[in-house]
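Colleague: Could you take me through a pocket, a helix and a set of paired strands in this model, with the reasoning for each?

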Amino acid sequence: MEPGDLARLRDFGGPENFVGGTAPFSLSPDGTKVALVLRRGDPDTDRFCIGLVIVPLRPGETPRLVDLGGEPILARGDVRGIPDLPVGSIEGVTPAWSPDGEWLVYLRRDKGLTQVWRARADGGGAWPVLQGEEEVRAVRWAPDGKTLLVTTRPMAGAQAAIDAEGRRGFLYDRRFWTLSEARPRPPLPIAFVERRIDPETGQAAGPIPAEATKAPPLPPGARLYTANAKGARAWLEPVDPSQGMGSSRLIVEVGPRRLVCETPACQATGALWWQGPRDLLLMASGTPENGGVTRFLRWRIGRDAAPKTLFATVDAWFGCQPLAGELVCAHETADRPRVIARLDPYRGRSNVVFDPNPEFASVAMGKVQRLRWTASDGVAGYGDLVLPPTHRPGEKHPLVVVQYQSRGFLRGGTGDEYPVHALAARGFAVFSFNRVAPAATGSGAADIDSFIRIGMTGFAERRRMLRAIETGIDQAIALGVVDPDRIGISGLSDGAASVQFALIHSSRFRAAAMSSCCDDPSSVHFAAGPGYAEAVERWGYPGPNAPGAAFWNDYSLAANAERIKVPILFQLPDDEYRLGLETYLTLNWHKAPVEMHVFPDAFHQKWRPAQRLAVYERGIDWFDYWLNGRADPDPLKAGQYRRWDGLRDRQPVADQPSS
């Protein structure tokens, strides 16, 4: 396994692989095939090859490419009053079949603009439906099956108002996201607009039918609602509606009977299907408490008092759609990338119908072992230990911690930056850590700000994560396969916060790599703008110039710069790197062994193939250098190792790697 193998992986759907997530494919009306949008990065050209693929479900039939072209569509979201903030992850595109199965409509992005396209399912061609300057956010078929409902978010007027304001100088207020822009963004709310169009002409097709906008009546707070032809209903609802982050329960109504299930499996339900008049099929997500085990359950109403487990697995099954008593799902294992598979949930048997990366069958993968534990604070957790493919009994390897979700194919952790199997192929043991339950779980917090504040009080959240990480490491060491004196840690986003806290409160780690950075006394208030500054104060951070030495001494790398000796690699996007300037410059001034790289046109997550490969390779080289004292002989990397030799000279002799 090489970093380039992962950078060139064929993907479909978005990065999520959790139960109940957005389906990364669509099932045809006749149930004989699925449609998906396949993409593959090319680091050499720094571009993607993207195509619309029809996959037959019948054995022996060949997948068919019905469109080729386009650019990735990057995810974005509204954050603290700021609209359409780029995230950097690639959005999955799920094509929509026409009711007659002859056409597919989908979003395709070309020259920086996302529009509606349609393609003939028989491969007879693909064409844009709309050609304008307005970006499309979603498309679906209208109830008549002949026209389309297209969703946009008109931003032109709001942007024009911002441009006009700039002539007299922008008012600096909470519209600014100063991490990435020196101008405000249009303030929320900015409504989404849906209109009806003719797929043949792209022209307006009259008003939207009432049945397209009228939602079925649901019980208060219901989600995952499903009903069958006989009127039986099932849904999840909050136990206490006043608790925004509280637990859920499963409600089932069959005729006059009303049943309630509040077991952990029912609370974790992520998908529901009626398989008969009184037969309900459930998928329950894996949790830190159950070791990340997904469960398929069956509830035969009138026969069983509660759902009964059909089978359980640590694999990732998601986007499942029922078909003739089976499920068609996306499926990943720890050592196999995403495939389409048919699953018989009653017998726990499955078969692959489409593997976009068949060459991975010939790639040597290291052994993956699921670790489970209960830390000293009583909090349960799990992670996966991956050993090198060449591991032999008695060998002890340097260990790299990768965070903070361990589910499905172990690619590169959250953000996909620290490649688990490529690190293992270089001779590392890798601990893929799955985040444990937040400190505020069960607290009754009414909203997200209250939830975060509970976790920040006394740094309960960060202490909980560090205890869990170190407990998992201790389990790996106890297996006799890890060298306790050569341990590194990596992370992005919440994982980076765990790295930051660990480097201050633990002496266990000999090297670190961070893809986000950092909370420090000045940058946390000034770098991201007024909206973020207001948020962190609600979370319990001390305000600017407020007494807060004890707080920052517990959490800030800059405040602890005099004693930080661990080599730290920062690989930051240009959209966020300003939040790391105080950290980097203070550590560098104190002669800590630090290096920072800034990636252009990158967001919270890096998306360009060339950048992804560079992050992979540099991260592996960094840990190899500091944990093994080893340098890649590639002459193109000579400058890199001259810099790192200079950083090594900053370290105390006792902390320098052996060569």
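**Pocket, helix and strands**

Modeller: In this predicted model, 38 residues line the second largest pocket, and those lying nearest its centre are L74, R76, R109, G112 and E135.

Colleague: Which helix supplies at least two residues of the lining of the second largest pocket, and how much space lies in that pocket?

Modeller: Among the elements that each supply at least two residues of the lining are the strands β4 (47-56), β6 (74-79), β7 (82-90) and β9 (103-110), and they are joined by the helix α2 (156-166). The space in this second largest pocket comes to about 970 Å³.

Colleague: Why do the buried residues of α6 lie on the same side of the helix?

Modeller: In α6, which spans residues 448-456, the buried residues are F451, G455 and M456. They are on the same side of α6 because the arc they cover around the axis is only 135 degrees. The buried residues of α6 pack against α7 (460-478) and α11 (549-555).

Colleague: Which backbone nitrogen does a side-chain oxygen of D447 reach at the start of α6?

Modeller: α6 is followed by G458, which has a positive phi near 65 degrees. At the start of α6, by contrast, the side-chain oxygen of D447 comes to within 3.2 Å of the backbone nitrogen of D449.

Colleague: Which residue of β22 is the bridge partner of R295?

Modeller: Strand β21 (residues 294-300) pairs with β20 (residues 279-284) in the antiparallel sense over 6 bridges, with L281 opposite R298. β21 is also joined by 5 bridges to β22 (residues 308-313), again running antiparallel. In β22, the partner of R295 is A312.

Definitions and conventions:
Residues are numbered from 1 along each chain as its sequence is written. This is a predicted model: local features need pLDDT of at least 70, side-chain atom pairs count only at pLDDT 80 or more; totals for chains, interfaces and linings use all residues. Side-chain values use heavy atoms; hydrogens and water are left out. Buried means under 20% relative accessible area, exposed over 50%, partly exposed in between (1.4 Å probe, protein chains only). Helices (H or I, at least four residues) and strands (E, at least two) are DSSP runs, numbered from the N terminus. The arc is that of the directions from the helix axis to the C-beta atoms. Contact means heavy atoms within 4.5 Å. A polar contact is a pair of N or O atoms within 3.5 Å; within protein, one must be able to donate a hydrogen and the other to accept it, and residues adjacent in sequence count only if both atoms are side-chain atoms. Two strands pair if DSSP finds at least two bridges between them. On a 1 Å grid over the protein atoms alone, a cavity is a set of points where a 1.4 Å probe fits but cannot get out, and a pocket is an open set with protein on both sides within 12 Å along at least five of seven lines; lining residues have an atom within 4 Å of a point. Grid points are joined across faces, edges and corners, and a volume is the space filled by probe spheres set on the points.
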